[in-house]
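Good morning, everyone. Please look at the screen, and we will walk through this one together.

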Amino acid sequence: QVQLVESGGGLVQVGDSLRLSCVASGRTFSSHAMAWFRQAPGKEREFVAAVDWSGGRTDYANSVKGRFTISRDNAKNAIYLQMNSLKTEDTAVYYCAGDIRNSGSYSFADEGYKYDYWGQGTQVTVSS
């Protein structure tokens, strides 16, 4: 099994940037598509971004496209989410997740239940 630990969350102002990290341990995750999801208070968990096994193919939710960038470094067993131009509506707990059955070479799943392992989450709060 793969264990994931997120970090990098915090309290920032509107327009600021944050970089989230997710480090994997245990079995290798380098062949898995990886994704970031988020959940705001009182709302359902939503897809944010995904990256294929190589880091060469990505996908984003429309709400973050052009502001967020997902990347991975398999040598460091890590994926990242660079978040720029943050808005109050980006406030949420952010989770990274891995899809054992999908490398992401052709498509990504944006439903959380299709992902097999998850981190514990990191809080991002954007204040106006």
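Salt bridges come up five times in a search of the whole structure. By that term I mean a side-chain nitrogen of Lys or Arg within 4 Å of a carboxyl oxygen of Asp or Glu. Side chains of opposite charge can pair when their charged atoms come close.

Two notes on the source. This is a predicted model, where local features need pLDDT of at least 70, side-chain atom pairs count only at pLDDT 80 or more, and totals for chains, interfaces and linings use all residues. Residues are numbered from 1 along each chain as its sequence is written, and side-chain values use heavy atoms, with hydrogens and water left out.

Start with Arg 38. Its side chain meets that of Glu 46 in a salt bridge, 2.5 Å from N to O. Arg 38 also forms a salt bridge with Asp 90, and here the closest N and O atoms are 2.9 Å apart. That pair links distant parts of the chain. Arg 38 is in strand β4 (residues 33-39), while Asp 90 is in the loop between β8 (78-83) and β9, 52 residues apart. The strands are DSSP runs of E, at least two residues long, numbered from the N terminus.

Are these residues buried or exposed? Buried means under 20% relative accessible area, exposed means over 50%, and partly exposed is in between, with a 1.4 Å probe and protein chains only. Arg 38 has 5% relative accessibility, so it counts as buried. Asp 90 is buried too, at 1%. Glu 46, at 35%, counts as partly exposed. Arg 38, Glu 46 and Asp 90 belong to a network of salt bridges that also includes Arg 67.

Now Asp 116. It forms a salt bridge with Arg 101, with the closest N and O atoms 2.7 Å apart. Both lie in the loop between β9 and β10 (117-118), so the pair ties together parts that are 15 residues apart in sequence. Asp 116 is partly exposed at 25%. Arg 101 counts as exposed at 65%.

Next, the disulfide. The structure holds one, and the term means a pair of cysteine sulfur atoms within 2.5 Å. Which residues form it? Cys 22 and Cys 96, with their sulfur atoms 1.9 Å apart. Cys 22 lies in strand β3 (residues 18-26) and Cys 96 in strand β9 (residues 92-99), so the link ties together parts that are 74 residues apart in sequence. Both Cys 22 and Cys 96 are buried.

On to strand β11, residues 122-127. In a regular strand the side chains alternate between the two faces of the sheet. In β11, Thr 122, Val 124 and Val 126 make up the covered face. Gln 123, Thr 125 and Ser 127 make up the uncovered one. Two strands pair if DSSP finds at least two bridges between them. Strand β2 (residues 10-13) runs parallel to β11, joined by four bridges. There, Val 12 has Val 126 as its bridge partner. β9 pairs with β11 in the antiparallel sense, over three bridges. Tyr 94 stands opposite Thr 122.

Last, the core. A nonpolar core is a set of buried Ala, Val, Leu, Ile, Met, Phe, Trp, Tyr and Cys residues joined through side-chain atoms within 4.5 Å. The largest one has 38 residues. Among the members that touch the most others are Trp 36, Val 48 and Tyr 94.
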